[in-house]
Amino acid sequence: MKKIFFGLLIFSGFFSDAQIIRKYSNEFLNIGAGARGLAMGGAVISNQNDVYSPMWNPAGLIGIDRDWQGAAMHAEYFESIAKYDYLAFAKPLDNNGGVFAISIVRLGVDNILNTTQLIDTEGNIDYDKITSFSQSDYAALLSYAFRPGSHRISVGVNAKMVYRNVGKFASGYGFGFDLGVLYNADNGLNYGAILRDATTTVNFWTVNQDELSAVVNGEEFNPAPKDKMEITMPKLNLGISKNFEINRDLELLPEAGLNVDFAKTAAVISTDFASITPYAGAELKFQDMIFVRVGVNRFQNITDIESLKRKVSFQPSAGIGIKYQGLTLDYAITNSGIGGSNFYSNFFSLKLDMGDFRN
């Protein structure tokens, strides 16, 4: 039943009157990657400096200054209905001091029941005609980071190529850019910002009307156009952090910041021009080997179904990590943040740093 529900949500997007600009287009690219950042509630905009940086702030790639890094992550959402994977590789370029990276992202729901042929034109039910399909979102990110002169400033850019597929019903291709910047001040404060979809990200969809027409079993309807364009508006993430040395073995790295959507949403601060959501997180490090992390994000105004009262929901998160030489294993757990939901997601990520192995 859960996968039928997911399928109905997918179909409803095509039957609705298509608007070119959508609030949550390509939202899978805003999840982030790496259990470290997810455990901290995304509070890594100003302090992520490794192969996971393209998903948070590509300017952080400049922290890779010795040898290549590789990363992999796997997570499952909503009791394993949706699966999320990330692979990445990053390497400094010797000729100019910049860092290049390539990342692959997939979010998919597999084995969704297709009941479009379940009932024929005469009203007869044939369960043998139930099939299944997958809904998958893919993205490839080509990233580059460099210092434009000052050693305190780094700039990074993502070139994004997106492919989205809804079984035989529809598919879409898209492209766009992210722009990030980091500034390390004299007083130890780190400032970070990323403008996602800086030039807007455009998706071109092709809809299979023959397949979709069966959903209504021959009744008249207003079919979706064969081709349509979807635009993802820019989003701005801002963060500030500072590392504190508690003693010889312990360090604390907190970050706080704001996520800004240029659209009216359910955020705690929302206008027709922009919606603003705060976030915060922290990492406690022991001897650069053991890490404990917490975070909170996605503050939203929601209405309780039973009492009809408005309240604020949020998404808490936590995690741990362990590092040995050049190998780092991280774990994070978060819930959906929807009204105290009991849906928890587990994230596991692995990072290989050849610079640490060879030194």
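User: Does Asp288 count as buried, partly exposed or exposed, and what is its relative accessibility?

Analyst: The model is a predicted one. Buried means under 20% relative accessible area and exposed means over 50%, with partly exposed in between. Asp288 therefore counts as partly exposed, its relative accessibility being 38%.

User: Which residue forms a salt bridge with Asp288?

Analyst: Side chains of opposite charge can pair when their charged atoms come close. For Asp288 the closest N and O atoms of the pair are 4.0 Å apart. The partner is Lys285.

User: How far apart in sequence are the parts that Arg293 and Glu283 tie together?

Analyst: Arg293 and Glu283 form a salt bridge, with 2.7 Å between the closest N and O atoms. Arg293 lies in strand 16 and Glu283 in strand 15, so the parts tied together are separated in sequence by 10 residues.

User: Is Arg293 buried or exposed, and what about Glu283?

Analyst: The cut-off for buried is under 20% relative accessible area. Arg293 has 2% relative accessibility, so Arg293 counts as buried. Glu283 has 7%, so Glu283 also counts as buried.

User: Which residues are joined into one network with Glu283 and Arg293?

Analyst: Some salt bridges share partners, and in this way four residues are joined into one network. Besides Glu283 and Arg293, the network holds Arg36 and Asp330.

User: How many residues apart are Glu230 and Arg164?

Analyst: Glu230 and Arg164 form a salt bridge, and their closest N and O atoms are 3.5 Å apart. Glu230 is in strand 10 (residues 227–232), while Arg164 is in strand 6 (residues 153–166). The pair links distant parts of the chain, 66 residues apart.

User: Why do Glu230 and Arg164 count as buried?

Analyst: A residue is buried if its relative accessible area is under 20%. Glu230 counts as buried because its relative accessibility is 9%. Arg164 counts as buried because its value is 14%.

User: Which strand gives the most to the lining of the second largest pocket?

Analyst: The second largest pocket has a volume of about 810 Å³. Its lining has 35 residues, and the closest to its centre are Arg36, Asn47, Asn49, Lys285 and Lys351. Several strands give two or more residues to this lining, including strand 7 (170–184) and strand 19 (344–353). The one that gives the most, with three residues, is strand 13.

User: How many residues in the lining of the second largest pocket are charged?

Analyst: The lining can be split by class. Seven residues are nonpolar and 12 are polar. The charged residues number 16.

User: What is the volume of the largest cavity?

Analyst: The count comes to one cavity of 30 Å³ or more. Residues that line the largest cavity include Leu29, Asn30, Lys160 and Asp178. By class the lining has four nonpolar, two polar and three charged residues. The volume of the largest cavity is about 50 Å³.

User: Which strand gives the most to the nonpolar patch on the surface?

Analyst: The patch has about 930 Å² of accessible area together, and Leu87, Phe89 and Ile104 are among its residues. Strand 3 (82–92) and strand 4 (99–114) each give two or more residues. With three residues, the strand that gives the most is strand 4.

Note on methods:
Residues numbered from 1 in each chain as written. Predicted model: local features only at pLDDT ≥ 70, side-chain atom pairs only at ≥ 80, totals over all residues. Heavy atoms only, no water. 1 Å grid on protein atoms, 1.4 Å probe; cavity = no way out; pocket = protein on both sides within 12 Å on 5 of 7 lines; lining within 4 Å. Points joined across faces, edges and corners; volume = space filled by probe spheres on them. Helix = DSSP H or I, 4+ residues; strand = E, 2+ residues; numbered from the N terminus. Nonpolar A, V, L, I, M, F, W, Y, C, P; charged D, E, K, R; others polar. Patch = residues over 30% accessible without salt bridge, like charges linked within 9 Å, V, L, I, M, F, W, Y side chains within 5 Å. Areas by Shrake-Rupley, 256 points an atom, 1.4 Å probe, with all protein chains shown as cover. Salt bridge = Lys/Arg side-chain N within 4 Å of Asp/Glu carboxyl O. Buried < 20%, exposed > 50% of the residue type's maximum accessible area, 1.4 Å probe, protein only.
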